Amino acid sequence: VTVLTNFCFLIRNNPDIDAAVQLLVKLKLEYKTATGQDYKAGCPPSDGPTLQDNGPSVTEGEDLVNPWNVTTTSAKGVDYDKLIVRFGSSKIDQELVDRIERVSGQKPHRFLRRGIFFSHRDMHQVLDAYESKKSFYLYTGRGPSSEAMHVGHLIPFIFTKWLQDVFDVPLVIQLTDDEKYLWKDLSVEECHRYAVENAKDIIACGFDINKTFIFSDLDYMGSSPGFYRNVVKIQKHVTFNQVKGIFGFTDSDCIGKISFPAIQAAPSFSTSFPQIFNGRKDVQCLIPCAIDQDPYFRMTRDVAPRIGYPKPALLHSTFFPALQGAQSKMSASDPNSSIFLTDTPKQIKNKINKHAFSGGKDTIEEHRKYGGDPDVDVSFMYLTFFLEDDEQLDKIRQDYTSGVLLTGELKKRLIDTLQPMISAHQQRRKLVTDEMVQQFMTSRPLDFNY
């Protein structure tokens with residue numbers, strides 16, 4: 001504030017007024033990005049502490065990453081190193097991966113070994129507490145915008161299940177059916193039905209019913225005073241200007257959108273689940289999620305100490321690319337961009353052969369001579385997510401890069417990997433009954449003593 005006030009004085013005495021005015025405009029924009037408020041000379045930001053780590057706004061040529069849109073001009077996908085700097089998170093380095101292995105006593109998940117979960121906030125703090133016999137809990141979620149989920153939606157759940165298994169901690173899964181009603185052209189009833197259907201796919205991932213609570217916002221908000229009280233506390237400590245600065249809301253957005261971030265933030269605090277944590281407010285939360293969800297939790301982390309709660313820790317994943325290439329993530333609204341969990345083996349084969357972007361050369365002769373580029377090849381990218389064997393994956397990379405392995409052969413490797421995986425998921429989902437869903441989604445104590 002003092003810098004800008006002094007700068008205003010200098011402008012009045014500077015002969016090069018045009019240049020000075022341009023710089024002032026730039027500084028005002030940076031001020032608004034940092035505080036969520038318009039600059040007023042002599043007036044510090046109002047409503048308590050500002051949100052410090054929401055990251056600068058996107059400039060021309062940068063990747064666009066927010067909870068609703070992910071786009072990049074690079075065929076290799078988002079530049080995650082730059083994103084770490086922009087968002088102010090920390091890279092998951094080999095030292096952290098090794099520490100997770102030591103503390104858990106288990107081989108790190110392939111998502112950690114391969115940098116698919118690549119960024120974190122306060123993971124060392126979680127491990128410090130765990131080594132001191134202090135537990136934590138897991139929180140992840142899903143926005144149910146359609147009945148069928150695609151394979152990209154499985155990434156946080158596959159990893160969260162591994163975390164739950166190796167650390168033996170409670171898990172809460174939020175289904176934001178209220179969010180989808182506010183953002184999509186869907187009825188409340190449709191959104192809630194999608195939440196229940198998506199819950200079946202989530203349960204089919206193998207979560208332990210005695211350690212997992214799945215909830216629909218439309219159901220739980222009205223039945224849990226503890227949850228709603230936390231929503232209200234968060235709402236009081238975030239201004240309208242701040243949410244506009246963080247999420248890009250405009251004056252024409254409905255008030256439901258503006259207030260929604262507090263609802264996604266509330267599960268980060270253990271008092272939102274008194275039936276599980278017996279009213280304790282000191283149990284830290286660990287959130288595995290794709291990095292496009294980070295704006296919600298940067299806001300949450302800023303609010304947490306002001307309402308007396310520990311900041312949630314986060315583990316961020318990369319995006320699962322669309323079949324057409326890594327410039328965008330998979331979309332449930334475009335059937336040809338995605339491999340759905342409902343696809344038949346024939347559909348999987350046809351989609352990969354027809355739509356999967358190739359890093360190979362135009363002719364077999366050129367490919368044999370120059371080799372392919374696995375860093376832009378979607379089939380190879382998918383194998384990094386789902387092929388467990390590290391040595392086999394390295395061999396495929398070498399063979400494709402050298403030209404020994406052709407594009408069609410690489411696609412066949414992916415087809416042979418995905419078909420049995422999705423078929424097995426479909427079989428597990430058939431075993432999920434309505435009664436089982438009701439059990440998972442009933443507010444109840446879990447098998448932990450707090």
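The largest nonpolar core in this predicted model has 67 residues, and the ones with the most contacts inside it are Phe117, Phe167, Ile214, Ile339, Tyr382 and Leu418. A nonpolar core here is a set of buried Ala, Val, Leu, Ile, Met, Phe, Trp, Tyr and Cys residues joined through side-chain atoms within 4.5 Å; buried means under 20% relative accessible area, exposed over 50%, and partly exposed in between, using a 1.4 Å probe and protein chains only. Helix 7 gives this core its largest share, 8 residues. Apart from it lies another core, of 37 residues, with Phe227, Val243, Ala262 and Ile276 among them.

Some housekeeping before going on. Residues are numbered from 1 along each chain as its sequence is written, and side-chain values use heavy atoms, with hydrogens and water left out. As this is a predicted model, local features need pLDDT of at least 70 and side-chain atom pairs count only at pLDDT 80 or more, while totals for chains, interfaces and linings use all residues.

Now the sheet. Helices (H or I, at least four residues) and strands (E, at least two) are DSSP runs, numbered from the N terminus, and two strands pair if DSSP finds at least two bridges between them. There's an open sheet of 7 strands in the order 3-4-9-8-5-6-7, and its pairing is mixed. Strand 3 (90-91) and strand 7 sit at the edges with a single partner strand each, so one side of each has no neighbour in the sheet.

| Strands | Sense | Bridges |
|---|---|---|
| Strand 5 (residues 136-142) and strand 6 | parallel | 5 bridges |
| Strand 6 and strand 7 | parallel | 5 bridges |
| Strand 8 (residues 284-290) and strand 9 | parallel | 5 bridges |

Strand 6 deserves a visit. What stands opposite isoleucine 173 of strand 6? On the strand 5 side it's threonine 140, and in strand 7 the bridge partner of isoleucine 173 is isoleucine 214. Of the 5 residues of strand 6 (residues 171-175), 5 are buried, so the rest of the structure largely encloses this strand. Both of its faces are covered: Leu171, Ile173 and Leu175 are buried on one side, Val172 and Gln174 on the other. Strand 5, helix 7 (residues 154-167) and strand 6 also make a right-handed β-α-β unit, where right-handed means that, with the strands pointing away from the viewer, the path from the first strand over the helix to the second runs clockwise.

Helix 13 (residues 255-265) is largely enclosed by the rest of the structure too, because 8 of its 11 residues are buried. Those are Gly256, Lys257, Phe260, Pro261, Ala262, Ile263, Gln264 and Ala265.

On to the rings. A search of the whole structure turns up 33 aromatic pairs. Rings of Phe, Tyr and Trp (its six-membered ring) pair if their centres lie within 6.5 Å; planes under 30 degrees apart count as stacked, over 60 as edge-to-face and the rest as tilted. Phenylalanine 213 and tyrosine 220 have ring centres 5.3 Å apart and planes at 70 degrees, so they make an edge-to-face pair. Both phenylalanine 213 and tyrosine 220 are buried. For phenylalanine 215 and phenylalanine 227, the centres are 5.8 Å apart and the planes at 70 degrees, so this pair is edge-to-face as well. The pair links distant parts of the chain, with phenylalanine 215 in strand 7 (residues 212-216) and phenylalanine 227 in helix 11 (residues 225-236), 12 residues apart. Phenylalanine 215 counts as buried at 1% relative accessibility, and phenylalanine 227 is buried at 0%.

There's an aromatic cluster as well, formed by Phe111, Phe117, Phe159, Trp162, Phe320, Tyr382, Phe385 and Phe386. Phenylalanine 320 lies in the loop between strand 9 (313-317) and strand 10 (321-322), and at 6% relative accessibility it counts as buried. Phenylalanine 320 is 61 residues from methionine 381 in sequence, yet the two are 8.5 Å apart in space, C-alpha to C-alpha.

Last, the cysteines. How many disulfides does the structure hold? The count is 0, with a disulfide taken as a pair of cysteine sulfur atoms within 2.5 Å. For cysteine 285, the nearest cysteine sulfur is that of cysteine 289, 10.0 Å away. Cysteine 285 counts as buried at 1% relative accessibility, and cysteine 191 is buried at 0%. Cysteine 289 stands opposite histidine 316 in strand 9.
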